Structures are given as C-alpha cells and as structure tokens.
Amino acid sequence: MTTTVPTEAAVRPSSPGTASGPRRRPGRIRRIGLPYLLLLPALLLELLVHLVPMVIGMVMSFKELTQFYIRDWTTAPWNGLDNYSVSVDFDAPVGAALLHSFLVTVAFTLLSVALCWLIGTAAAIFMQDTFRGRGLLRALFLVPYALPVYTAVITWVFMFQHDNGLVNHVLHDQLGLTDKPSFWLIGDNSFVALLTVSVWKGWPFAFLIVMAGLQNIPKELYEAASLDGAGLWQQIRRITLPSLRPVNQVLVLVLFLWTFNDFNTPYVLFGKTAPEAADLISVHIYQASFVTWNFGTGSAMSVLLLLFLLVVTGVYLVITSRGRRTADV
C-alpha cells in the first residue's frame, strides 16, 4: 500500500501576498472602479456647470420672478404653471411673439444645416483628389471654424454696413445687382445676413467631419465602380453617401442642436434687440429674461425649448436607428 506524503508546498498555508480566488476580488473591484474614479472630477464639474443651473432654472420657471425679487430669488412667490400658460398662449402678445420667434428659428436652422452639410460634403469630396496645394486649401477652409465667434461675426458686421460695407460695395457699386445699397442688419434682409454668417461659420465643421469619414471608405470600391462604367455622380450616390450614413446622422444632429441654440451669432450681429425677421428663440428668451426682467417667463420658455429639443432628438434617433437596422437587414 502506497502512502502519499504531503509535500511542503501542499501543506504550506498560503501567504498574504499569494494570489488566490477570494483574495483577487479587491483587486478586481479596484480595477473596475478606477475608470469611474477618474471620471469623477469631470462628472462633478458637469453637475456644477450644467445640471445644477438647469434644475434651478426649472424651479424659477414656477415662480413669479421679476426684478423685485432678483436680490433673493427664493423669496419670489410661487406661480405654478402661469408662466407656461402665458408662453403658449399664442393669442396673447407674449405667446404670439414666442411662436413667431420659434418659426423663424426653425426656418433658419433647417436652411443653415442643409447648406452647411451640402457645402461641407461637396468640399470634402473635392478634396479627396490629390493636387498641388491641397493641404493649404484644407487649412484655409478651416479658418472660419477656427476663428473665435466674436472675431468672425464682428468682421461680418463691418462688411454688412450700409454706407461703406464690402457687401454693398461689391453688389451695388461693382456688379450693379441692386438699385441702391441695402440694409443688411435691419429689416427682412437681416435673415439673409444671419443665415450667411451662420453657414460661413458652420460649414467647415461639416467639411472636417465628412472628410474624416471619407478616409474609411476603401479606394478599391471606387476603382471597381469606375471599371464598371460608373460616373462621378453614380459613385457618390452608390458608394460615398451610403458609406457616410453613420457619420451624417451624427453630423446633422450636432449641427441642428448647435444652430437651434445659437446665441452668440445673432447677439454679436444685431445686439440685444434682433430684428423681427431674425428674432431667433435664443435671443428672444434672453430679451424676455434680461431686458424685460421677467425671469420666470424666460425660464419657462427655456424649459419649453429644452423639452422640444429632447423630443426632436429622441424622434431623430429612433428614425435613424430604424433606418440603420433596415439597411443592415
């Protein structure tokens, strides 16, 4: 009969530093919790910078907060849903003005996003071909996006001047396209001026994103299509646009949110009071809050704007996700 003598390694108790099943758990927990620990400073800053003011603004929307309570807004009387009812009463002056501003913003956003995407995509496709000076031209295309907003917009303010602006000088004095110099910063032309500045400032971002997306399309697809007799437009329609669909879905959403909430461009272009034709909702809410000193109504308008953007974003994501699943099937 053979007797097995336990070896020293078998009977030796495991030391504290020896890795064993139960003792691996603290290390695994530390590894899992490390990313959250690293994200904690950013989450705290996000909470302080965005979430806390957002909650305070929602609370203010239920209060009758005017200049008389601005010293201590917590003492303002509770107003319930009156601020919201005033904002959506389109038969009253406040609601009618808000509806007009909303419609102007929708038209402005749709045109600006469409033109930014169209110009940016066309420029990115054109820049795919190799030619002398392509790098310099790419850098020049990105200048409007790289400039600070104030610097870019204030330059257009001088260009849109009635008497000595460059726009009237070219259109009226040199080309003779207008009978007399136009007023671009007041009246109906203010919408065209605002749209021009927004597109000029926003299309380089679309150009940059689309150009990055084009790098992931294999060149062999274009070569095979060219051998099959496909022209430029057929290659763009059958290869480029379908391949860029995920990029374009994110790009259009980002451009929509940025343009709809844009405050800096109209504020620098027109000042505190924008013309009626270019009365974007961001400036309109600013006027309702800081010009008329009715912070309760202005907060209610901001909450309504937030709800609208959340609904539009949700619907857009649902539609695009369904379209992506259908294309994959």
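In which helix is Gly 202 found? Gly 202 lies in helix 9, which spans residues 189-214. The model is predicted.

**Gly 202**
- Gly 202 is buried, because its relative accessible area is 15%, and the cut-off for buried is under 20%.
- Apart from neighbours within four places in sequence, Gly 202 is in contact with Cys 116 and Leu 255.
- Ser 112 is 90 residues away from Gly 202 along the chain, yet their C-alpha atoms are separated by 8.3 Å.

**Helix 9 and helix 12**
- The axes of helix 9 and helix 12 (residues 245-260) come within 10 Å and cross at roughly 160°.
- The two helices are therefore roughly antiparallel to each other, as angles over 145 degrees count as such.
- The crossing of helix 9 and helix 12 is right-handed.
- On the helix 9 side, the residues that meet helix 12 include Ser 198, Gly 202, Phe 205 and Ala 206.
- On the helix 12 side, the residues that meet helix 9 include Leu 251, Val 254, Leu 255 and Trp 258.

**Helix 11**
- Helix 11 (residues 232-243) has 12 residues and reaches 15 Å from its first C-alpha to its last, close to the expected 16 Å.
- Its buried residues are Gln 235, Ile 236, Ile 239 and Thr 240.

Conventions
Residues are numbered from 1 along each chain as its sequence is written. This is a predicted model: local features need pLDDT of at least 70, side-chain atom pairs count only at pLDDT 80 or more; totals for chains, interfaces and linings use all residues. Side-chain values use heavy atoms; hydrogens and water are left out. Helices (H or I, at least four residues) and strands (E, at least two) are DSSP runs, numbered from the N terminus. Buried means under 20% relative accessible area, exposed over 50%, partly exposed in between (1.4 Å probe, protein chains only). Contact means heavy atoms within 4.5 Å. The expected span of a helix is 1.5 Å times one less than its number of residues. Axes are lines fitted to C-alpha atoms, for helices over the stretch in contact, and angles run from 0 to 180 degrees between N-to-C directions. Angles under 35 degrees count as roughly parallel, over 145 as roughly antiparallel, 65 to 115 as roughly perpendicular and the rest as oblique. A crossing is left-handed if the near helix is turned anticlockwise from the far one by less than a right angle, and right-handed if clockwise.
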